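Biologist: I would like to learn how to read a model like this one. Please take the features one at a time.

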Amino acid sequence: MKIFIVNPPHLAIGSRIPKEQLPPLGLLSVGGSLIDVGHEVALLDAEIGPLSHDEIVRRVLLHHPQVLLIGHSGSTSAHPIVSELTKQFRAVLPHLIIIYGGVFPTYHYREILAQEPQIDVVVRGEGEATAPKLLAAIENGDTLYGVDGIAFRCEGQIVETRPAAMIQDLDAYRVGWELVDLKRYGYYGGKQAVVMQFSRGCPHKCNYCGQRGFWARWRHRDPQKFAKEIAWLHRTHGVELVNLADENPTVNKAVWKELCEAIIAENVPVTIIGSTRADDIVRDADILHLYRKAGVERWLLGIENTDEATLQKVRKGGATKTDREAIRLLRQHGILSLATWVADFEEVTDRDFFRSLRQLLAYDPDQIMALFVTPHRWTGYFRLAADRKIIQLDQRRWDYKHQVLATKRMSPLRIMLWVKFIELVLQGRPKAIWRSFLQPDRAARHGMRWFTRMGRKVLYTSA
């Protein structure tokens with residue numbers, strides 16, 4: 001079948017930075033599995049530009065596919081854009097089959113199918129195995145009832161099939177890198193970049209995160225094969241940076257150590273950035289030199305909050321002492337720490353913000369990203385925040401950089417000013433300036449300066 005995949009334009013945090021684009025890994029992964037079973041597949045990455053809605057519709061018309069797949073890693077905040085675009089697609093191509101997948105549609109398929117008549121099928125959960133089965137059923141004129149992991153309408157009723165089996169072997173499906181021109185993508189200050197995923201899932205039970213439910217359990221790719229793919233991307237396509245999309249790639253120390261050693265053995269100058277947990281860093285104190293030798297230059301550490309009681313309430317499973325030690329160990333091994341801190345898990349006051357600022361300064365992270373809690377319905381936190389008023393009604397702004405929930409004691413403006421002030425103090429303190437311009441580690445200097453430039457752009461677009 002003739003299939004067109006669309007990555008819609010969306011002002012996520014990373015998308016606001018000019019010339020800083022990353023390829024849509026999820027859509028490329030589904031595209032690769034469809035190519036390998038014989039379908040004619042093309043992909044339009046409308047993030048590059050970004051393209052206007054009219055231009056996207058024009059290109060869909062030009063391609064005239066039988067089936068259109070759409071999805072976005074932006075999840076909740078991307079849904080309004082998907083809704084608008086798919087309505088336009090349906091208007092110009094009334095017989096087009098429109099399939100929607102991703103985190104948001106996985107959990108909101110009933111509302112989507114009830115409110116969005118232009119969307120024919122929702123893929124729930126992992127798409128690499130489900131999409132080929134779905135397309136085979138459509139092509140053969142078979143009933144969709146036998147395809148696990150989807151939802152659709154039949155005779156006015158919404159039908160939910162059985163959940164699809166979790167993919168056991170992540171190496172059984174490949175990323176369709178050929179669907180995009182990799183030279184068009186750059187990140188981290190101009191480095192040619194891709195997004196890759198070594199593992200899926202996370203064993204921890206943080207109640208503000210829905211990834212554990214989506215991915216079911218932690219699995220990983222073969223370390224040797226993954227390292228060889230990194231080396232192939234560098235040698236064949238000139239890739240200089242890999243941004244790991246894993247929720248928690250370092251869950252298993254032995255497996256992560258094997259991956260670091262495999263990447264080192266490939267001997268390619270590729271920078272690796274990603275996110276992990278502070279307790280994993282402390283656990284791996286004796287092998288952190290392998291992290292750095294393998295190319296790891298920066299870890300995002302989800303410290304989330306500096307208050308022990310709040311961390312327990314959101315079931316983070318960490319500790320402030322561990323967070324501080326992880327930052328110290330990373331710096332000792334030449335790896336930058338990007339600490340994420342969430343401003344409003346609970347009701348806050350000026351005193352709370354001042355105390356948080358003092359504690360963050362004591363943590364001394366290299367970089368800081370202040371975020372707002374977002375009550376996604378598929379998370380445990382949604383129930384905890386049930387009594388709080390939602391003040392951000394524009395779903396496109398549910399991007400963690402805009403306040404979504406009201407607080408009783410402080411106005412949204414006052415909270416925003418505190419958040420911006422904390423970011424400014426942390427990024428503009430003398431230690432941060434010294435690390436940006438005078439520290440001897442060239443890679444760390446580059447990472448610090450890049451983040452400062454990025455922060456200035458995001459600062460104004462998120463206000």
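Biologist: Where is P50 found?

Modeller: P50 is found in the loop between β2 (40–45) and α2. Helices and strands here are DSSP runs, numbered from the N terminus, with at least four residues (H or I) for a helix and at least two (E) for a strand. This is a predicted model, in which local features need pLDDT of at least 70 and side-chain atom pairs count only at pLDDT 80 or more, while totals for chains, interfaces and linings use all residues. Residues are numbered from 1 along each chain as its sequence is written, and side-chain values use heavy atoms, with hydrogens and water left out.

Biologist: What should I look for in the backbone?

Modeller: Most residues other than glycine have a negative phi, and most peptide bonds are trans. In this structure the peptide bond from G49 to P50 is cis, with omega near -10°. H64 has a phi near 50°, a positive value in a residue other than glycine. H64 sits in the loop between α2 and β3 (67–71). E155, also not a glycine, has a positive phi of about 55°, and its place is the loop between β6 (150–154) and β7 (157–160).

Biologist: Is E155 buried or exposed?

Modeller: E155 is exposed, with a relative accessible area of 79%. The cut-offs are under 20% relative accessible area for buried, over 50% for exposed, and in between for partly exposed (1.4 Å probe, protein chains only). H64, at 49%, is partly exposed.

Biologist: How is a pair of packed helices described?

Modeller: Two packed helices are described by the angle between their axes and the distance between the axes. Helix α2 (residues 53–63) and helix α3 (residues 79–92) pack at about 45°, with their axes 10 Å apart. Axes are lines fitted to C-alpha atoms, for helices over the stretch in contact, and angles run from 0 to 180 degrees between N-to-C directions. The helices α2 and α3 are therefore oblique to each other; angles under 35 degrees count as roughly parallel, over 145 as roughly antiparallel, 65 to 115 as roughly perpendicular and the rest as oblique.

Biologist: Where is L93 found?

Modeller: L93 is in the loop between α3 and β4 (97–101). L93 is buried, with a relative accessible area of 7%. The C-alpha atoms of L93 and L61 are separated by 7.5 Å, although the two residues are 32 residues apart along the chain.

Biologist: How do I read charged side chains?

Modeller: Side chains of opposite charge can pair when their charged atoms come close. A salt bridge is a side-chain nitrogen of Lys or Arg within 4 Å of a carboxyl oxygen of Asp or Glu.

Biologist: How many salt bridges does a search of the whole structure find?

Modeller: The search finds 32. One of them joins E229 and R221 at 2.8 Å, N to O, and both of these residues are buried.

Biologist: Which residue forms a salt bridge with D364, the closest N and O atoms being 2.7 Å apart?

Modeller: That residue is R435. D364 lies in the loop between α13 and β16 and R435 in helix α16, so the pair ties together parts that are 71 residues apart in sequence. Salt bridges that share partners join R331, D364, D366, R429, K431 and R435 into one network. D364 is buried, with a relative accessible area of 10%, and R435 is buried at 8%.
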